[in-house]
Every structure is written in C-alpha cells, then in structure tokens.
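Keep the structure open as you read.

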Amino acid sequence: MTGSKRITSDYLLALYSFEMAKGSVAAVTTPTGFLGFNIGAEHRVPGAKRKRLNRNKKKTWKRHIDARDVEEFLQDVRMQERTQGGLVAEKPDETLYYMDTGNEAKDLKVNRGKAKPLHIDLVLQPDSKVAPPKNVLAHQIPNSRKLKRKKQVREKLERRGIIPRKQRLLQAKLLKPAREPKPAPARSQPDRGFYDIWAESNPLDDALAGKDSFYLEQTKKFPVKRPDRMNAKPSQLPAVEVISSGGSYNPTFESHQALLLRAHEVELKRVKEEEKLKRQLSFPTIDQAPTSETVFRELCQGLLEDSDDEESKANPVKSMEDNEDQEDEDENRGNPISKAAIGEKKTERQRKREKQAKVLVARRQAEKALRLKKQEVFKLRSIRSEMKQREDVLAKRKEKRVAKHKAEATQPRRLGRLKYDDPDTDVQLSEELAGSLRTLKPEGSILKDRFKSLQRRNLIEPRERAKFKRKHKVKYVEKRAFREVTL
C-alpha cells in the first residue's frame, strides 16, 4: 500500500531466527521430544528415582548444568552474522524497509499473474457446455394453490370495492386519534414552587382528598374486590335467634301453654321412635313365635295363583298344552306368513305384489301425514290452549321450586356424616315459673346454644363428643407414706 513499509525476505528470515533463539531459551526440548515447563527442566520417566544433587559445589555446577539454551542462542547469533552480516537488532531501519511510491500501473503489471485462478479450481470446473437440469422442487411454493385462490378472491373483492378485514383494521388503527399524554404528577415537576412540608395544607395531598381510609393506609392501594359468592351467607338464619314469648320469666298463659305443647310434641316423637326401635329389636313371645306351618306358607306365597280354576289344578299338563296352542295362534295371527310358507320360495309375481303393497302403504302414510299437517291449521285454538296450560303448569312448578329453595335456605344442610339434631327446648313448668327476674332459674347452656347455632347456620358440621374408651384397666397403688399415716 502507498506510504507503508514493506518487510523484506531477509528481515523475515532474521526475525524468524531471532524468535527461534528466544524460544529455545523459554522452552527446552527433552530427549523424548516433550517440552519442559522451566529452564533446564528434564523429562522424568514414570517410576524413575529422582536424582539428588548437591548444588553448593562448583563441581556439580560444571557437570550437571544445562547450557543448551546459551549454546543455541550463540549459534543463532553466528548464523545472523553469516547471513545478514551482523545482528538484525543492531541494523538501521533503512536497510530493513523501503518506501512504496504507489505506482498503480507497476502494481497492476506485477500482480497480473497473481489474479489468475488456481489450477485446481480450473480442474474442478465442468467441461460440458450443456446447462445442468433445473431443480423443479426448488422453485415450488408450498400451498401455492391456496395462495393463488386467496389472491384471486382478494382481487375480486378489490374490484367490487370491498376492503379485507385485516386491511380495514390497519386503516382504523392509523386513523385512530392519538391519545393525549397524561399530565405529569406534581412530584415529577422540578420547576414547581416551594411549600412547607410540615404545614397543614400540602399541594401534593390535594389528589388524596376525600379518599377511603383503607386507600390512604395501604400505600395508596384499593382493596381487592371480593367475589359475590364469598359475600353470600351460608344460611339466612340470624346469628342470635329470639326465643318465643313463652320462654320469658313472666309469660302469658297462652304463650306458655303453646311452648309446653311444642315441647310435648318433641318428647312424644322421641318416645315413639324409642318404642319402635324396642319393638323391632324385641324377641317375639311364644304365641307370636313362627311355626313350621307358617314358615311353609311364607315360602309358598306367590307361587300359586288363587284365580286358577279347579280343572287346571286337577290336570296341569292339559292346561299347559292349551296355553301353548293359544300362543301359536297369536303368533300366526300377527304374522301374515304361515308356517307352511316359511320354507317355500316366493315367485316373481309375489315379490312384485309385496313391493307394490309396500309402495302403496308408504304413499298412504305420506298422504295421511300431509292431510294431518293441513288440518293442524284449524287446530290453532286448541294448540294455543294447550300451550297456555303448559305454561301454567311450568309456572306452578317454578313457584314450588322457589318456595322449596326458600325453605331449604333456612334449614341446616348435610355437611358431614352426622345429621343435625335440634336441641332440646328450654321450657319451665307452670309451678317453676318465677314472677321476677331475680328469682329466675337459668335453663340450658349459653356455650351449647352458640355451638348449635353455628351448626344450624352451616358454619361447622354437626359433631358428637368423642367416646373415651380406656385401653388398660386402672391400677390403684397406695403410696408408702400414705399407708403409714392410715395405719
């Protein structure tokens, strides 16, 4: 290049010999061909014993010193003196470099031979003048038919003035007015005025005026909106139910008697269930005990029919044959083809008649369906009345369903394996009534009432007290000190 220095071949040879000399000092070849890591490093054969030398003696220095690096360096210096007439490092730059004037005509003449292609490239070029066959698969487009059909449809729509949906959306997006940038908050305005942060009126808090307390406390965040299903109560019953007026400390006679009647009905129902269970589990008496005759009647019950006449009882074989004949007659009456004609082959005339009969039956059915369809026009009044009746029935069903849902809303649901049992009614007899609140005796338990209220409102499942069963028998041991006192 113009204005640059070019390195001569003599300089390259000298530089290579100098680098080789430096390399000989840095790495020493071992007899086996491997390079050592340090100067004078020797290749050690695996398993060989290391030589221990005494390096503080001059005799050892002369015998075991490695001076190959110095010898190689001196040999390289002698080679530079023979070939270059002196050391390359001591020569001036004028002897190593020359200035390129940049003659383009001369460079083109010199480099003309270098522009020729290599012989190996000429050998690899094809000799035939016939062009290679065209690769058809390389020019095929996947889904070309589909794309061509889409293009034709698009051109057809463009001729009719219809714009495709994708292009319409792009145009709408381009024609959409740009949004106005939101005003920057007061905190991001460096040129705002100064104010006292300890004053009661702060201009930064104007945007927070009238906000919810939760919004202000929770680092300016709105509360999470709960879904409607989480706001719905599991039961419509109140948390604390007010007892009837008959449970007051000074009730009227009618309200107290109504409460007594309700408690009596509950107790009567419980007694009936106990009697039923006792009756089912009780062992029968001697008079009610089953005998062999009653057991035989129970086993034969349903096997013999009382409606059979005496003749069938006397000769059961004949009655069975009559039943079989009757069944055969019924089958023949229902089937137009008799038993004798089952194995016979039909003639061509019979087949034509059957085919004509089928066509005639199908035609009659189609005419009948068409006639009935035409007559339905005159049945509009009856159809309208039927639809009205149907709507009334559906409305009544809906009312019953709504009433059922309302009734179930106040009833406890089945949440566990146990069923909810209503607690006992807290009631006092007529002689236990107190005239004042100070002399009133409390009934029931507040804790039990709250527990049952949670079960009734479907907040917890009905539970029962765990039955404690002692695994081992309790053993009582009397201590020695206590025994001495008792004695």
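The protein contains 18 helices and two strands. Helices (H or I, at least four residues) and strands (E, at least two) are DSSP runs, numbered from the N terminus. This is a predicted model, in which local features need pLDDT of at least 70 and side-chain atom pairs count only at pLDDT 80 or more, while totals for chains, interfaces and linings use all residues. Residues are numbered from 1 along each chain as its sequence is written, and side-chain values use heavy atoms, with hydrogens and water left out.

Of the 487 residues, 9% count as buried. Buried means under 20% relative accessible area, exposed over 50%, and partly exposed in between (1.4 Å probe, protein chains only). Among contacts (heavy atoms within 4.5 Å) with a separation of 6 or more, 57% join residues 24 or more positions apart.

**Salt bridges**

A search of the whole structure finds eight salt bridges. The term stands for a side-chain nitrogen of Lys or Arg within 4 Å of a carboxyl oxygen of Asp or Glu. Three of them are listed here.

| Pair | N to O distance |
|---|---|
| Arg456 and Glu241 | 3.3 Å |
| Arg270 and Asp424 | 2.9 Å |
| Glu354 and Lys346 | 2.8 Å |

Arg456 and Glu241 meet in a salt bridge that links distant parts of the chain: Arg456 sits in helix α17, Glu241 in the loop between α10 (228–231) and α11 (253–281), 215 residues apart. Arg456 is buried because its relative accessible area is 15%, whereas Glu241, at 36%, is partly exposed.

Arg270 forms a salt bridge with Asp424, and this pair also links distant parts of the chain, with Arg270 in helix α11 and Asp424 in the loop between α16 (380–409) and α17, 154 residues apart. Arg270 has a relative accessible area of 33%, so it is partly exposed. A network of salt bridges links Glu267, Arg270 and Asp424. In the pair of Glu354 and Lys346, Glu354 is partly exposed at 34% relative accessibility, and Lys346 is partly exposed at 33%.

**A buried lysine**

Lys452 lies in helix α17 and touches Tyr420, Asp421 and Pro423, leaving aside residues up to four places away in sequence.

Most residues other than glycine have a negative phi. Asn143 has a positive phi near 60° and is found in the loop between α6 (119–124) and α7 (144–160). Asn143 counts as exposed because its relative accessibility is 56%. Asn458 also has a positive phi, of about 60°, in the loop between α17 (446–456) and α18 (480–486). Asn458 has a relative accessibility of 8%, so it counts as buried.

The 17 residues of α7 should span 24 Å at 1.5 Å a residue, and the end C-alpha atoms are 24 Å apart, which agrees. The expected span is 1.5 Å times one less than the number of residues. Just after α7, Gly161 takes a positive phi of about 85°.
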